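The following note sets out points for a colleague who is reviewing the model shown here. It takes up a pocket and a disulfide in turn.

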Amino acid sequence: MTWGAPLLLLLGGLWLQPARAGSHSLRYFHSSLSGPLPGAPQFSSVGYVDDVPIVGYSSESRRAGPRAPWMERITAEDPRYWEVQTEIARGNEQVGKANVRTVMDRVNQTQGLHVVQVMSGCELRDDGSVGGFRQDAFDGHDFISFDKDRQTYTAAMDAARITQDRLNSERIEAQRYKDYLEGRCIEYLKKYLKLGAERLQTVAPQTMITRRKNGGRTFLTGYAYGFYPRDIEVKWVRNGVEMPWESMDILPNPDGTYQAQKTVEVQEGDDEKMYNYEVDHSGLPDTVSVMYEEKSPPMGVIIGGVIGALVGVGLIAAVIWVVYKKTSGKSSYAAANQGPAPADC
């Protein structure tokens, strides 16, 4: 049984995948365990603006509270904000608890530790358009998702079709959820962006290129660092032609900014100056194009980012491993008997 990787995809990939440059998002992550796990609450909920945690709740605290210092100021204009958030979170906790048991019954797994996770939220793009999403997972496997524009639910596997059919028959609920994602969710995203303007302000990336040789081959690595928000587009261009796309690493720095790096192999006989590293970010007025120059890289920034990333991944991986070790039997894909959880705001 190996479901750690899909769980990382839900927690990391879907959450951290760059949207278009200049966009902002409000996302909520709910996690419900079927039983107690030492060091982890049975239910937890965290809200993020972009990649910054702003509000949190757990079954241990039983109260919603700020995760960002500037969120404490929200009661000046909304005195009942934390009271309402607590009520919503407690409702989500009960829904999550029921969903875990429902799924376990459907897949005939009444023993062991299991988890249901939900990621939902909205996106405000730089062109003024809005996006919305919701994805549910059981034991680290995606099993159903909501398409805002079509107002439909899609099962990832056959075992989820019973929930897909039931939810798609409830057109009023689908419309309600779409209205929330396009309306109230976006309104609160704008409010949070205004409250956290100082922390969430755009910072343009700095750029550089390093070169290394390995067995007669030459590699160029382009860096964009010290930028915020996380969304960025980088690519290598050779004589005006974009090089084949390869994986790009985006890593956190200790100061809350980010760095991105991408490596390309210099073709035999080419001059390094034929290669340009192009960077597009909301903090830049135009795309920046950089050529390789002989100079020392700011290693402190690069190493700091790597360490920050390893710490974050390590914490998530540790929780995944504990859950994995405590779960008996082979996980199956199933759909919970649920509709949209109570709307976050």
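How do the residues of the lining of the second largest pocket divide into nonpolar, polar and charged?

1. The lining divides into three nonpolar, two polar and six charged residues. Ala, Val, Leu, Ile, Met, Phe, Trp, Tyr, Cys and Pro count here as nonpolar, Asp, Glu, Lys and Arg as charged, and the others, Gly among them, as polar.

2. This is a predicted model, in which local features need pLDDT of at least 70 and side-chain atom pairs count only at pLDDT 80 or more, while totals for chains, interfaces and linings use all residues. Residues are numbered from 1 along each chain as its sequence is written, and side-chain values use heavy atoms, with hydrogens and water left out.

3. The second largest pocket holds about 150 Å³ of space. A pocket is an open set of points on a 1 Å grid over the protein atoms alone where a 1.4 Å probe fits, with protein on both sides within 12 Å along at least five of seven lines; lining residues have an atom within 4 Å of a point. The volume is the space filled by probe spheres set on the points, which are joined across faces, edges and corners.

4. Among the lining residues are Arg-27, Glu-123, Arg-125, Phe-133 and Lys-148. Strand 6 (130-138) and strand 7 (141-147) each give two or more residues, and strand 6 gives the most, with four. Strands are DSSP runs of E (at least two residues) and helices runs of H or I (at least four), numbered from the N terminus.

5. The one disulfide (cysteine sulfur atoms within 2.5 Å) joins Cys-122 to Cys-185, S to S 2.1 Å. Cys-122 lies in strand 5 and Cys-185 in helix 5, 63 residues apart. The S-S torsion of Cys-122 and Cys-185 is about -85°, so the disulfide is left-handed. Both Cys-122 and Cys-185 are buried (under 20% relative accessible area, 1.4 Å probe, protein chains only).

How values were computed:
Buried < 20%, exposed > 50% of the residue type's maximum accessible area, 1.4 Å probe, protein only.
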